[in-house]
Amino acid sequence: MLRIHDARTGRVQEVRPSGALRLYACGPSAHRYAHLGDLRAQLLPDLVRRVLERRRVRVVVCRGAAGGEDGVPAERVRLHEEALSRDAAALNLRPPEYAPDAAESAGLAVDLVGELVGRGHAYATPGGAVFFDAKSLSPGGDDSGEAAVATVDWPLWTPGGDPSFGSPWGPGLPGPHVVCSAAALRFLGGRVDVHVGPPSAHRERALSEAAAGHEVVGHWLCGAGLLFEGRPMDGPAEEPAGGTAEGTAEGTAEGGVLLGDVTAAGLDPLAVRLAFLERHYRERADLSWEALRAADATLRRWRARVAEWAESPSAPMAAAYVERAESAFLDDLDTPSALGVLRELERDDSVAPGARFEAFLHLDLVLGLDLSTEIGKARVEGPARS
């Protein structure tokens, strides 16, 4: 079964769901279009899903909503969400079963905050703010969480804001982590097997456990950040030239490179997925245009080889290679090692072309690189060699 590094315990642990695996994935900020750093984070739940589905485990995913953030108009949130959906489809990211929008998430947050107030874990102020009462958690109890040692209360509902949402305490916005806790509890039945997102576990754990009365999250999975040509991917990535998210070949704002910038440069968007897979998810990666061009060349070569092998007599897949690659997937999503196995298989002429064909397509069910797209297409022959 799949083993992952639990960000809370610091250990690699086996994931053993009872029935369907319930996974919560944090969504990107609504303040900007999703850049490559955000998209790398979105690849992580897709990998978990694909690996476990190959083990016949059903996976149910809830992705947190962008929006509900001060200073982000509803129309901009909508545009950012539409762009994220297009980018996710271009990267072969499976859509989540649940993806509440900002308004629905705010309603869920109001319900959760009201429940916490009713249980004595939160209190409202005369000004319309609601705070979590950290001292309400009893150390050592079932709902203690990591925040039991906290001495400072934190906001669950903040009055005002633009946009703002209605609540019993007046118009306002949910505080940090409230939307995540509320959506996970509502859509995943009060239990989350794997939580994918930033390591802000202590407050989110406290909110969820105070509401549910038991530990909610089994494993906390967190990926590393992304640099692009040495710069952090934390620029605003606002509307590129022309006012759309399509991107330009020159890139966008302050390191916030969009997927549209990659396609505008003439590269296949799945070259970005391959470049992500070349690096372990816990490794802080430094992408570059050179690396993306190299990934694009590898992608095109593999598709051409698969199309070539498809014309050979059929043969059972190269089982030893497949087993090694699948073992790498199960070992904390070690995609770089799995890709190394594919490169070995590509070079191993002792393996029948039909066997290589079957193995590449089988492993592509996890890799998601569309390696079969050139099958049956007419090949353009290069100039004759003298």
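Modeller: Keep in mind that the model is predicted. In this chain, residues 24 or more positions apart make up 71% of the contacts with a separation of 6 or more. The chain has 11 helices and 13 strands, and of its 386 residues, 53% count as buried.

Colleague: Why are H9 and H10 called roughly antiparallel to each other?

Modeller: Look at the angle. The axes of H9 (residues 319-330) and H10 (residues 335-347) cross at roughly 165 degrees and come within 7 Å. Angles over 145 count as roughly antiparallel, so H9 and H10 get that label. The crossing of H9 past H10 is left-handed.

Colleague: Which residues in H9 and H10 meet?

Modeller: From H9, Tyr321, Arg324, Ala325, Ala328 and Phe329; from H10, Thr335, Ser337, Ala338, Val341, Glu344 and Leu345. That contact between H9 and H10 splits into 7 nonpolar, 2 polar and 2 charged residues.

Colleague: What makes a set of residues a nonpolar core?

Modeller: The residues have to be buried, of the nonpolar types such as Val or Leu, and joined through side-chain atoms within 4.5 Å. The largest nonpolar core here has 72 residues, and Leu21, Leu36 and Leu292 have the most contacts inside it. Helix H1 (residues 36-54) gives the most to this core, with 8 residues.

Colleague: Which residues does Leu21 touch?

Modeller: Leaving out residues up to four places away in sequence, Leu21 touches Val15, Val48, Leu52, Val57, Arg58, Val59, Val60, Asp193 and Val194. There is also a second, separate core of 40 residues, including Leu116, Ala134, Leu188 and Val216.

Terms used. Residues are numbered from 1 along each chain as its sequence is written. This is a predicted model: local features need pLDDT of at least 70, side-chain atom pairs count only at pLDDT 80 or more; totals for chains, interfaces and linings use all residues. Side-chain values use heavy atoms; hydrogens and water are left out. Axes are lines fitted to C-alpha atoms, for helices over the stretch in contact, and angles run from 0 to 180 degrees between N-to-C directions. Helices (H or I, at least four residues) and strands (E, at least two) are DSSP runs, numbered from the N terminus. Angles under 35 degrees count as roughly parallel, over 145 as roughly antiparallel, 65 to 115 as roughly perpendicular and the rest as oblique. A crossing is left-handed if the near helix is turned anticlockwise from the far one by less than a right angle, and right-handed if clockwise. Contact means heavy atoms within 4.5 Å. Ala, Val, Leu, Ile, Met, Phe, Trp, Tyr, Cys and Pro count as nonpolar, Asp, Glu, Lys and Arg as charged, and the others, Gly among them, as polar. Buried means under 20% relative accessible area, exposed over 50%, partly exposed in between (1.4 Å probe, protein chains only).
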